[in-house]
Amino acid sequence: MTKNIKFSFLAFILLLSATSCNKWLELKPQDGIIREDFWKTKEQLRSAVFGAYSSLLAVPEKRPGLMQNMLVWGELRADMMGIGSSFTNNDMDYKNNEILPNSVYSNWATLYNTINVCNTVIEFGPTVRDNDKTISEAEVNEYLAEAYGLRAYMYFYLLRLWGEVPLQLKASSSDSKIEQLAKSSKEVIYNQIVSDLDFAARNIAENYGSNDQNKGRLTVYGIYALQADVYLWGENYTECIAACKRIEDSGKFGLIEGTDPELWFRELYITGNSNESIFEIQFDRDSQNPWFSLLAAIPNRYAATFYMDDFFGITDPTTPTIRDIRSNGASYNQALSGMLWKHVGTNYGSNTAVLNGNSDHNWIVYRYADILLMKAEALAWTGDGVKALELVDIIRNRSTPIFNGTVETVDPGIPYQVSDYILKERAREFAFEGKRWFDLLRHAKRKGYERGAQVIVDAVSKVAPPDRAEVILNKFKDYRNHYLPIATSELLADKNLVQNPYYKTN
Amino acid sequence: MKKTLLLNTFSVQAWFICLTILALAGCKKEPVVSITSSQVNITGYLEKNPEQFSEWNKIVERTGNAGFLQAYGNYTMFVPTNDGVKKYLTDMGKTSIEQLDLEELKSVVRFHLIEDTLSSRSFGDGKLNTLTMLGQYLITGSATAGNFTSTVINRQANVTLFNVRLGNGYVHVIDNVLRPAKLTLAQMVAANPDYDLFEEALIRTGLYDSLNLLPANNPKTDQRFLTVIAESDATLGLVGVSNIDQYIAKYNSGPSDLKSAENGFHKYVAYHILYDAKYRADLASSQAHPTLTYPEILTAKFRNQNVILEDMEFNGTYEPGVMLNKEKSDNSAINGVLHESAPYSYNYTYKNAQGATVIATGTTTGHFAIKTRVPFPVYWDVADMPETRASGFFRTGTSAQPPNLFTKPAVDSPSPVKGWNWPKRGDGFYYNNGAGGGQSAGAAWVFRDYLNLFLGNSAGNARQEWIEMKTPVIVRGEYRVWICYRRKNQSGNWPQSDGTTAQVRIDGGPPSPKVFAFAEPIPFGNTAELEALGWKYYTSNGNAANPWDKVTLSPAGAYNSPWVAKNVGLMKINTTGTHTLRMEALRNSQNANNLDMIHFIPKDWQSQILPRFMPDGTEDYTNYPGTH
C-alpha cells in the first residue's frame, strides 16, 4: 500500500514536471490558429495568398530582406551600381567578385521563404472547397495560379543566381516535413518554372477590379511578362515573342510619355502603378521600402558609379536641354553623391530625397518598356533585326528624342550587333531596377557562351579597382563563378547539398 | 531478465527516483563549458589531416615552428599539400625532407607565415600588405586556364582551399611550396642578360650598391624596399643607344662624377627607381610615385588593364607614355620589385589648345627619361569640371536656370566632385550661371559661370572651413597665384565686414604669403600701380573706352561688386602634375563667395596682367593703359 502511494506520488510528480516543460495535455494552441482550423473559407485562402505577397517584404533578423537582395543581386556585381560610404564587408566582397559562402548575399532563405508560403497555398488551398461550397474550382485555381506564378518568380531568381538548387514543391508545414534535398539541374528548375507559369497563365485572373490590385498582384499579364523573361533566358525566342505579343495585343499597357520629364518621373517612379506598369511590389507609408536607410539616409550604402556618362552619353553644354531624360536627375543624382534617384527622389531633377517615413516607391518587376525590349532581343535572334531596332527606337524616342549621344548604327542582319545595342538600351532604361547583372549574364551565356564571358568582362573592367581588376575579371572567365556559392548554413543543414565547385572553401 | 529487475523493490524505487530526477533536469539542461574553444589551432589542423599535410607538418616541426603555431595568436599560413611538398623536393633534387638544408627550410616556412589574419578578401592583383615573417612580400594573383580560373600565390602555387578558420588564424591550402626570392634587385638586374646596359648604368652611377642591400642591413630606412623599372637593351637600341658610352653621353650633364646626385645621367638612372615595393597593382592605384631623383615623380595610369607610365595630356598636347611589360614585371627581389618598361601603342582622343578634337595614335619605344618642362601660365576656370559639365546647364549663361548644388550627405560621404572635398557634411558650392557678364547680381564672367563657395570660419557656422580643389596640370616651378573673384559684401560694408577671409595652400605646403577676402575691394589706380600693389582687373569686354567694371565707392561707404583678381603671392609647385589646392577660411563667413578663376603665372612670365578674359572665355591681349 505504502508502495502504491509512493508510486502514485512519484507518478504525479513525474506528470507535473513533464507538463511544465511542454503542455502536452493541451493539444491546440490557445493563442493561434492551427492548420486543421484554417483552410476552411475562401477568405482564408485569399489571405493566405496575400500572405505570399507580403512575404516578399519580410526582413529576417541580421540578414537583408528580399528587396535589398533583389537590388544587390541584380546590380552590385555589374557596372552601374557601386558602393556608397557605409558599406559592409559583404557589399565590398560582392562588388569585388570575392563572394564567400558566409556572405549574407549567398543566402537564399528569403527566396525559399516565399516559395514555402506558395507551396503551402498550393498544397492546402484545394481543401477549402471541402468546407466552403461558395467558392468554385475555377476561383480556387485563380488563387493557386498566383501562388504558382510567385513560386516561378522565386525559382527564376534561384536559377539565375545559383543555377542548380534544391527543388522543393511541397509545403514544409511542420518540422517533420523538412526534407534533405539534393540540388536539381538547371534544366529541371527551368522546366518547373515553365510548367508553373503554364498553370498560372491558364488559371489566373485578368482583372482584380482595382488598379492597385492589378499592379500589386500577378495578373495574367504579369504571368506573360514572366514567361517572356524566362523564355528569353532559355533562348526560346518564339515563345518569348508570343508572350510579349499577348501583352501588346491586350492593348492595356503603354509607355508613359517623356515630353514632360517631371510628369514622366512622377507617374512611373513616384506614384507608381502606372499605365506602363505590369507588376510592382507595393509599398506605402505603412509598409515602406528599405531604400531610405540604404540609399537616401546618410551615409548611404549604394550609389551610382562614376561612369554614368558611358551609358547615357555626354550632354553638349551648349544645348543642355537636349539630353537623355533618364540620366542625371532621374536614374541617379550626381550632385548627391550619385544617389539612386528613381528609388529615393521626390522630384525629377530636384535635390530632395525621401525622408524616413515616406520612402514608398514601389519596386517595379515588369513594365511595358521591358516587354518591348525583351521582344526586340528575341526578334534580333530570330532574324528580324529591323523590327527589333524599331522597338528600340520606340523606347529611345520616349527618352532621348533628339539627343543622339548614344545612338548607334548597327547592322540589323547581325544578331550580336543588334542585341548588344539592346543590352545598352536596357542599361539606360532599367538602370538600378535590379536587372543589369542578369542582362549581362544572359548575353554572356547565350549559345553556350559562344563569346566567352566577354560581355561581363568588358562591362566590369570599367569599374574594377586597378589594384584588383585582374583578379576580378579573371574570375569572370571561369563560368562557374557566374553563380553564387551555397551558404555555409545551408550546407550544414542539408547534408545532400554540394557546394558549387568554383568555391574552394569549407 | 528485465522483468526480475523491475520486480525488485529497491530497483523499482531507484528507477522512479532516477526518472524523476531526469524529468526535472530535462527542463533546463545547462551545457557545462569546460574549454574556451572547440577550434583547433594551426598545428592541430595539420596533425588532424595527415593524408594532406603530414609532409608540411614534418617541416614545421623540424624547423621548430610547431610550438608557437599551437599557441594563440593571429596568423595566416599558406599550407602546401603533400603533393606540393613532393614537387618541391623533386625541384630541389632531394628525396626526403631530412636532406634539405635546415636554414633554408626555416626561411621557406617563414615565407609561408604572416602575423595577421588574412582571408581571401585580401587577395588582389598585387602584394599582400603585411610582410611575411621572412620579411618579403607575397603577391597574389589569378590565372585562367581554359575555362577555369584559380587564385595564384607568388606565381608559384594555386590555392586549393581557402579560408580555413582556426583558433589562431587562417590556413589557405596551396598545391606547391612558395619559394622566397634569393636575389637583391641589383643581382636580379645583373642576372638578366637583357639588361646589360641598364646594369652598367647602375654600376657607373653607384646605384647598384644601393640596390644590393638586404632590407635589414639598409641604413636608409626609406630605401629598404625599392622598385626598379629597367629598360632592356632592345628598348635602348630603339633610341640609338648600343653601348654604355652612348648611354652616358645621352644624359650626362652637370658634375662630371656620375655618382653625384646632381649629375644628369645619375638623375636619369635614379628616375627609374621608386620608393617602396610597388607591384603593378600598387602603381596603378596611385597617380604619382616619388623617385630617387628628388623631387621628380613618375606618373602612372591604369588604362585597358595596363599600367602606363609618364602618359600625360598637357597644355593642349598629348605626350604618350610607356607601358609596363606584364609578363616581365612584378618580379620579387629580396629588397623590392623589378619591372620592365615596354613600348605602348596608344590611341588617344583629346582636345588641343584650339579646342579641336585630335585622335593620336602610334607606338612609343618604351624608353623614358625625366622631362624638362618650362613652366607656363595656367588660367584655370574653376567652374569647369566633369561634374558641372554633366549638370545639364553648363555654361548656358542665363541666371534664370537653377544653380546646381554640390553637397555631401554626410561627413564621410564620397565627395560629389572627383578630386574635390570639404570637411563638414552639407553644401560645398553652387555651380552658377550668370547673364551677360556684368557686375549685377546674377551676372557672371568667364564662360558666364562661377562657383559660389560655402566657405567660412565662424564658430558654430555650418559653412566649410576649407574646400579642396583639383587643379589642372601645372609644371614644376614658381608661380604668382591670382585669385579671381567678385568683390561682394553679403551684408555690411568693407572693411567692417570682410565677407570671408581666406588663404590657399598647395598639396599641404605652406600657406600663400598673402590672404584675401571675398569682400575685399581692389584699390583705385591704373594697371601698373595696381600690379605693384598686387591687384589686377582680369576681365575685359573689348571696349577700349570702358573695358571693365571699375571699383566705385558710394558716399554711404559701400563698394560696388566688380570682378577683380588679387595676387596672393609667389607659390612653389614641387612636381609637375595635377595638384590639390586648398582654400582655407581664416575668419568670418558669408555665403556670397563667388570664385571665377585662379591664375598660376610663372614668376618671370612676360606679363602677369595679360591676357584678360572676355565673358565668352576668349583671351584679350590688348593693353588698356590708364585708370579707366
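Which residues are buried in helix 2 of chain A? I'll come to that in point 3, after some notes on the chain as a whole.

1. First, a reminder that this is a predicted model. Chain A comes out with 22 helices and four strands. Its radius of gyration is 25 Å, close to the 23 Å that the globule rule gives for 506 residues, so chain A is as compact as a globular protein of that length. Along the principal axes, its C-alpha atoms fill a box of roughly 110 × 55 × 45 Å.

2. Still on chain A: 49% of its 506 residues count as buried. If you take the contacts in chain A with a separation of 6 or more, 68% of them are between residues 24 or more positions apart.

3. Now to the opening question. In helix 2 of chain A, the buried residues are A:Leu45, A:Ala48, A:Val49 and A:Ala52. Looking down the axis of helix 2 of chain A, you find its buried residues within an arc of 95 degrees, so they line one face of the helix. On the other side of helix 2 of chain A sit A:Glu43 and A:Ser47, both exposed. As for what covers the buried residues, the list includes helix 5 (109-124), helix 6 (128-131) and helix 7 (137-161) of chain A.

4. Over to chain B, which has 16 helices and 33 strands. Its radius of gyration is 34 Å, whereas a compact globule of 628 residues would have one near 25 Å. The C-alpha trace of chain B spans about 125 × 85 × 45 Å along its principal axes. Of the 628 residues in chain B, 42% count as buried. Among its contacts between residues at least 6 apart in sequence, 66% join residues at least 24 apart.

5. Have a look at the open sheet of six strands in chain B, with the order 2-1-6-5-4-3 and mixed pairing. Strand 2 (113-114) and strand 3 (140-145) of chain B are at the edges, each with a single partner strand, so one side of each is left without a neighbour in the sheet. One pair to click on is B:Ala143 and its bridge partner B:Ser150, in strand 4 of chain B.

6. The two chains come together here as well. Helix 21 (residues 469-476) of chain A lies across strand 3 and strand 4 of chain B, and it runs at about 25 degrees to strand 3 of chain B.

7. My last stop is strand 21 (residues 426-433) of chain B. Six of its eight residues are buried, so strand 21 of chain B is largely enclosed by the rest of the structure. Strand 20 (residues 404-408) of chain B runs antiparallel to strand 21 of chain B, joined to it by five bridges, and B:Phe406 has B:Phe429 in strand 21 as its bridge partner. Strand 22 (residues 449-453) of chain B is also joined to strand 21 of chain B by five bridges, again running antiparallel. There, B:Asn433 stands opposite B:Asp449 of strand 22.

Methods: Residues numbered from 1 in each chain as written. Chains lettered and ligands numbered in written order. Predicted model: local features only at pLDDT ≥ 70, side-chain atom pairs only at ≥ 80, totals over all residues. Helix = DSSP H or I, 4+ residues; strand = E, 2+ residues; numbered from the N terminus. Rg over C-alpha atoms; globule rule 2.2 N^0.38 Å. Buried ≥ 20, exposed ≤ 12 C-beta atoms within 10 Å, placed from the backbone. Contact = placed C-beta atoms within 7 Å. Pairing = 2+ DSSP bridges. Axes fitted to C-alpha atoms, helices over the stretch in contact; angles between N-to-C directions. Arc of directions from axis to C-beta.
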